[in-house]
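Visitor: Please put the model up. I have some questions about how it is built.

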2 protein chains.
Amino acid sequence: MPTNMISKVLEKAVLPLDVAPPVKKGPASRTSVRRNPNMERLQNGYLFPEISMRREAHEKKYPDAKVISLGIGDTTQPIPSIVTSAMAEYSLALSTPEGYQGYGPEQGQKSLRKAIADVVYPNMGIRDTEVFISDGAQCDIARLQMMFGRDVTIAVQDPTFPGYVDNGVIMGQTGPAAVDEESGGSRYAGIEYMRCAPENAFFPDLSRVRRTDVIFFCSPNNPTGHAASRDQLRQLVDFARRNGSIVVFDSAYASYVSGDDKPRSIYEVPGAREVAIEISSFSKFAGFTGVRLGWAVVPDELLYADGTRVARDFDRVVTTCFNGASSVAQAGGLACLATEEGRAAVARVVAGYKENARVLVDTFQALGKEVYGGDDSPYVWVRLFPGRRSWDVFAEILEKTHVITVPGSGFGPGGEGFVRVSAFNSRDRVVEACARLTSFLA
Amino acid sequence: MPTNMISKVLEKAVLPLDVAPPVKKGPASRTSVRRNPNMERLQNGYLFPEISMRREAHEKKYPDAKVISLGIGDTTQPIPSIVTSAMAEYSLALSTPEGYQGYGPEQGQKSLRKAIADVVYPNMGIRDTEVFISDGAQCDIARLQMMFGRDVTIAVQDPTFPGYVDNGVIMGQTGPAAVDEESGGSRYAGIEYMRCAPENAFFPDLSRVRRTDVIFFCSPNNPTGHAASRDQLRQLVDFARRNGSIVVFDSAYASYVSGDDKPRSIYEVPGAREVAIEISSFSKFAGFTGVRLGWAVVPDELLYADGTRVARDFDRVVTTCFNGASSVAQAGGLACLATEEGRAAVARVVAGYKENARVLVDTFQALGKEVYGGDDSPYVWVRLFPGRRSWDVFAEILEKTHVITVPGSGFGPGGEGFVRVSAFNSRDRVVEACARLTSFLA
């Protein structure tokens, strides 16, 4: 394939202009550049922009309705002032000769890398040099997929956050999409979809999962809200070790986990350092969805088949395709972690969202609905009308209650029939949404 | 090739675990995942980290030396307080219910998009919806290359900023690298290198340039400091139109252009909307190298051969692989543009760097050296010792004067023999560096 490809590239490149100027077809204004077939292969719009558009249309139809969004997982509550003061102070200092800083290290400020290693990964043997600061987990997914390239095979939970698959499609890791008749959702050839459903307690039967190079695993899961147990993560790590696979563990919701029996990091599991990358974020942990800050951990022991350290290639991607997270955001991130006061302040916001999730779960349970999640995550996963498609359920809930949810099939065919309800809102609005849902559904 | 690839992907994916567990070679801790051959193909370290390492080694050797960096193009002067106050105010408001904002639009705040369209592109017909806010031009290069994919051919100026080529290599657009015997630099098969040298007044002879799908063109150029004239950019646009190519015009240094005969944007040239994307940045314009903010303009009229709007695919990449620039940085960016006071304040900082560049050019001219750039850019491009390699010149200057420059060959084989000297520093340090250079070189 490489030889093939090179000759193709060369053939295109050495075609002299004066011999064969390219013929333009169609309107004169078109270029002759072929659209990337991987972009062409992407199905539908990205889920959340699609929901935005439907919301806009709804607000046009009902200009007086008070729409409540329990849709996109977007934080709504103010950031503790200990954090924003640090950002403000850092910003103002940029106007002084002493406080001005230009480019920071592409991998992030040493102090922040160290705070994450110490506070988020205590006693897990994570070194600050293994922590790469980023502008969010979604961006790290894109960079990891760029690093892995087109020749890897991937597995994802079904349902799951769509970013893993979409970035894989853009990189050319997949075959074409086929519409899943049952759900109306798309499945791409070449991807291993690991069904996570009530039937298997939201953890895949690994004895039936085919080996892939990379396994994307999100726990607590978005959208189902299920946090894998210690035993389940041990199975996952063992599976990856047996198969020589790399796990990309997305712990963006780790701060929502209750109790000690469910790990908040894959590195709580012995042997994970040799098979797992972890990506995480300040977005849902500290309300940084707009501020943009996250991180990836790539342990030194993680090696490709040829013995190359994966961290070496990731470092190259970070320095070449990225230039570090905003220094102001990093100052805020440090304030979340560096003091007991900061840690307590952000934990209080998370606790508030968790209480919202409790209100939602109680409401759906009182209505006799089949409901999951909420204990270890800001997401509640509910089957409101058994047998009906999730986009229809989404549309009916919006029409009748002016409440935005997210159709489960947007997270993969395995999400069909469910909607995801987010706890990210003020208590008042969540309570009001529950009242509307109750009067409609009771 | 697609069929080939799909069958390969499927073959890997459907191999059941129980039939043929992959055999692991070497130490038990290696995964079986093959390293991305494109990552393997990347030559050397990234230029600036390499220079950092050499600086560290130098400071160990001479712990008392006062090293002056005229190396990496990193701003050093404080950001005007009208800008940092806006960031501080925005940050503090995030702690209030009224001021809190979560995810913004992935494409950026409407107000900022509009300010850029109005202030940076007056009378050029650029609409706010065509402006995509980003975390910097380097990151946009990566996203554009992801969007174009592996099957496009590219042309770059030689010398030029290394990001265009490196991101192309990661995407698999190139063949293997061959070391250029003369310069010791690498050239990748499949890339069209457009030599920009004193001999052709730093503008390529387009009649000898082969047709490629994409042409990366940086003006004012990094590293040579040359700003293309209106006539030259007209030639470039005509060349792209004739060939059905897309120009990616990097105008990160546009604010350094003197006089009106050199366009600050490609859209000053008639017909550019149908062939050109423009990327730019607040980094060198407002000292935002650490704050991280930039933008890309993708006009609606720019079409792939099949008629698809390029902006449609770029929007998909921005929503899927990125999640918007930090909202705090965007508040700062708006303050740079929204008022006359803000615009004047950032212009004063640029004027200071330009005066530094003048001091550098005067110094090299007084020494009788062959020197270019500086008039329209913060970079001065100088041949200090004709016939000697630029890494050797870099090393000698560092050894004898403790001044960091950038070896020209780091920007491509065409940069061999030169070093780039940056005007990004305080006046005092630039003057001190000039004194040291004069006593060494005179």
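Guide: A salt bridge here is a side-chain nitrogen of Lys or Arg within 4 Å of a carboxyl oxygen of Asp or Glu. This is a predicted model: local features need pLDDT of at least 70, side-chain atom pairs count only at pLDDT 80 or more, and totals for chains, interfaces and linings use all residues. Residues are numbered from 1 along each chain as its sequence is written, chains are lettered from A and ligands numbered from 1 in the order in which they are written, and side-chain values use heavy atoms, leaving out hydrogens and water.

Visitor: How many salt bridges does the structure hold over all chains?
Guide: The rule asks for a Lys or Arg nitrogen and an Asp or Glu oxygen. Taken over all chains, the count is 56.

Visitor: Which residues of chain A are linked with D300(A) in a network of salt bridges?
Guide: Start with one pair: D300(A) bridges to R309(A), with the closest N and O atoms 3.1 Å apart. Buried means under 20% relative accessible area, exposed over 50%, and partly exposed in between (1.4 Å probe, protein chains only). D300(A) is partly exposed because its relative accessibility is 26%, and R309(A) is partly exposed at 36%. The network links D300(A) with R127(A), E130(A), R273(A), E301(A) and R309(A).

Visitor: How many residues apart are D376(B) and K262(B)?
Guide: Their side chains meet in a salt bridge, 3.0 Å from N to O. D376(B) sits in the loop between β11 and β12 of chain B, K262(B) in the loop between β8 and β9 of chain B; the two are 114 residues apart.

Visitor: Is D376(B) buried or exposed?
Guide: The cut-off for buried is under 20% relative accessible area. D376(B) has 6%, so D376(B) is buried.

Visitor: What parts does the pair R273(B) and E301(B) tie together?
Guide: The two form a salt bridge, with the closest N and O atoms 2.5 Å apart. R273(B) is buried at 15% relative accessibility, while E301(B) is partly exposed at 28%. The pair ties together the loop between β8 and β9 of chain B and the loop between β10 and α10 of chain B.

Visitor: In what order do the strands of the 7-stranded sheet of chain A run?
Guide: Helices (H or I, at least four residues) and strands (E, at least two) are DSSP runs, numbered from the N terminus. Two strands pair if DSSP finds at least two bridges between them. The sheet is open, its pairing is mixed, and its order is β2-β10-β9-β8-β7-β3-β6.

Visitor: Why is one side of β2 and of β6 of chain A left without a neighbour in the sheet?
Guide: Both stand at the edges of the sheet.

Visitor: In β7(A), which residue is the bridge partner of A155(A)?
Guide: Strands β3 and β7 of chain A run parallel, joined by 3 bridges. In β7(A), the partner of A155(A) is I215(A).

Visitor: What angle does helix α6 of chain A make with β9(A)?
Guide: Contact means heavy atoms within 4.5 Å. Axes are lines fitted to C-alpha atoms, for helices over the stretch in contact, and angles run from 0 to 180 degrees between N-to-C directions. Helix α6 packs on the sheet, and its direction makes an angle with that of β9(A) of about 150 degrees.

Visitor: Which strands stand at the edges of the 4-stranded sheet of chain A?
Guide: That sheet is open and antiparallel, in the order β11-β12-β15-β14. The edge strands, each with a single partner, are β11 and β14.

Visitor: Which residue in β12(A) stands opposite E370(A)?
Guide: β11(A) and β12 of chain A run antiparallel, joined by 4 bridges. Opposite E370(A) stands R383(A).

Visitor: How many disulfides are there over all chains?
Guide: A disulfide is a pair of cysteine sulfur atoms within 2.5 Å. The sulfur of C321(B) is 8.8 Å from the closest cysteine sulfur, in C139(A), which is too far for a bond. The count over all chains is 0.
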